[in-house]
Amino acid sequence: MPNDVLLARLNALRGDDSSLSNGNSNHLPMALAALHALGAPPPRLDAFAELARPLIRPLPAPADGRDFASQWVRFEAALADEGRDAVLRRALPALLEGLVTAAFHGLIRLAYGVRFGADSETAAGLALLTAYRREVPLPQGVGDTGAAEGLRALSQSAELAGVAFERPMIMGRLVEVLGHPVFLAAVPPLRMEKGADRAWHSLAVTAARLYRATADFTALHLITSLHALRVLWPWIEQPQPVLQRYWLAFCAAYVAIGRPWPMSLLPVADPLPPWPALRAAAIASRDDHVVKLVDSCDALAHDFDADTSELPALLHACAALVVQRDTD
């Protein structure tokens, strides 16, 4: 389906004053983009939007006085004046130091805007990364580690048993973990000797295994944010520091959901439902996170050869799991 079908609806949201400053201004545009990617017809996009509008809640004001709406306007003007490529190459090096902004939503929303050529959504993602910035430092631990072995070490760390949480939501818990000195000392850098592409792949495999083992909401965001990074890859001139910061955030997410190990896989249908059935189920879902996860799993699984990578099979199972839990 042509992108102008999606762009017309996103532009209509942009003109709705209520969508400029509410919590659903993140979820709704991203869900519409994911539905479009999965092949939803225009009436389904409109029906989903109507269901989502009553769920709108105000976004909290940024602590340092930065304003999302004004940043959105600023980035829209920059994109119009300089073009997308120039703005992304200039802005991303600094903004991706804050890639966990709004529980990865700034990163994910930016990638949807780029993916579908929606300048207003691209500007919105950049504005979120600016207005609600949560900077992630580079890991400072000794040595380096692979993704799976790093999680195993964290699961066995007696020191991390004392990391407690006061905040119930994903973003609050990520902030608590990332600010804990015991955690920061426990995470060594991600191993990179085979290059950034291979390191990204190891993170994606580990994120998919984590979701398969937990069906956890936070683990879901790891898959969709890794998909977002892959979309933005062509504009990331120095991917290694971005991946190192992402790795620290990945580990914080793992600690925040309780450091599960061993990661025993949850049951799914055997054989797995075919992709067309999973896409249809996601299109019919009322849950935007189901829609976004199936879209990310579908897009990423078809980017890799199942004969040389375990990622397609893992992602297929993740999509089946989220649909299964949504329809149970």
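User: How do you know which residues and atoms the values refer to?

Analyst: This is a predicted model, in which local features need pLDDT of at least 70 and side-chain atom pairs count only at pLDDT 80 or more, while totals for chains, interfaces and linings use all residues. Residues are numbered from 1 along each chain as its sequence is written, and side-chain values use heavy atoms, with hydrogens and water left out.

User: Why are H5 and H7 called roughly parallel?

Analyst: Helices are DSSP runs of H or I with at least four residues, numbered from the N terminus. Axes are lines fitted to C-alpha atoms, for helices over the stretch in contact, and angles run from 0 to 180 degrees between N-to-C directions. Angles under 35 degrees count as roughly parallel, over 145 as roughly antiparallel, 65 to 115 as roughly perpendicular and the rest as oblique. The axes of H5 (residues 84-95) and H7 (residues 119-131) cross at roughly 25° and come within 11 Å. H5 and H7 are therefore roughly parallel to each other.

User: Which residues of H5 and H7 meet, and what classes do they belong to?

Analyst: Contact means heavy atoms within 4.5 Å. On the H5 side are Val87, Leu88, Ala91 and Leu95, which meet Thr122, Leu126, Leu129 and Thr130 in H7. By class, this contact of H5 with H7 has six nonpolar, two polar and no charged residues. Here Ala, Val, Leu, Ile, Met, Phe, Trp, Tyr, Cys and Pro count as nonpolar, Asp, Glu, Lys and Arg as charged, and the others, Gly among them, as polar.

User: What makes H11 and H12 roughly antiparallel?

Analyst: H11 and H12 pack at an angle of about 155°, and their axes are 8 Å apart. With that angle over 145 degrees, H11 and H12 are therefore roughly antiparallel to each other. Residues of H11 in the contact include Trp200, Leu203 and Tyr211, and those of H12 include Ala219, Leu220 and Ile223. The residues of the contact of H11 with H12 divide into 13 nonpolar, one polar and one charged.

User: Why is H9 described as largely enclosed?

Analyst: Buried means under 20% relative accessible area, exposed over 50%, and partly exposed in between, for a 1.4 Å probe and protein chains only. In H9 (residues 170-178), eight of the nine residues are buried, so H9 is largely enclosed by the rest of the structure. Among the buried residues of H9 are Ile170, Met171 and Leu174. The buried residues of H9 pack against H10 (181-186), H12 and H13.

User: Is glutamate 176 buried or exposed, and how do you know?

Analyst: Glutamate 176 lies in H9. Its relative accessibility is 18%, so glutamate 176 counts as buried. Leaving out residues up to four places away in sequence, glutamate 176 touches Ala164, Phe165, Glu166 and Arg167.

User: What is proline 41 called at its relative accessibility?

Analyst: Proline 41 is in the loop between H2 (24-38) and H3 (42-52). Its value is 38%, so proline 41 counts as partly exposed.

User: Which residues touch the most other members of the largest nonpolar core?

Analyst: A nonpolar core is a set of buried Ala, Val, Leu, Ile, Met, Phe, Trp, Tyr and Cys residues joined through side-chain atoms within 4.5 Å. Of the 122 residues in the largest such core, Phe104, Phe183 and Tyr211 touch the most other members. H13 supplies the largest share of this core, 13 residues. Apart from neighbours within four places in sequence, tyrosine 211 is in contact with residues including Asp216, Leu293 and Cys318.

Note on methods
Helix = DSSP H or I, 4+ residues; strand = E, 2+ residues; numbered from the N terminus.
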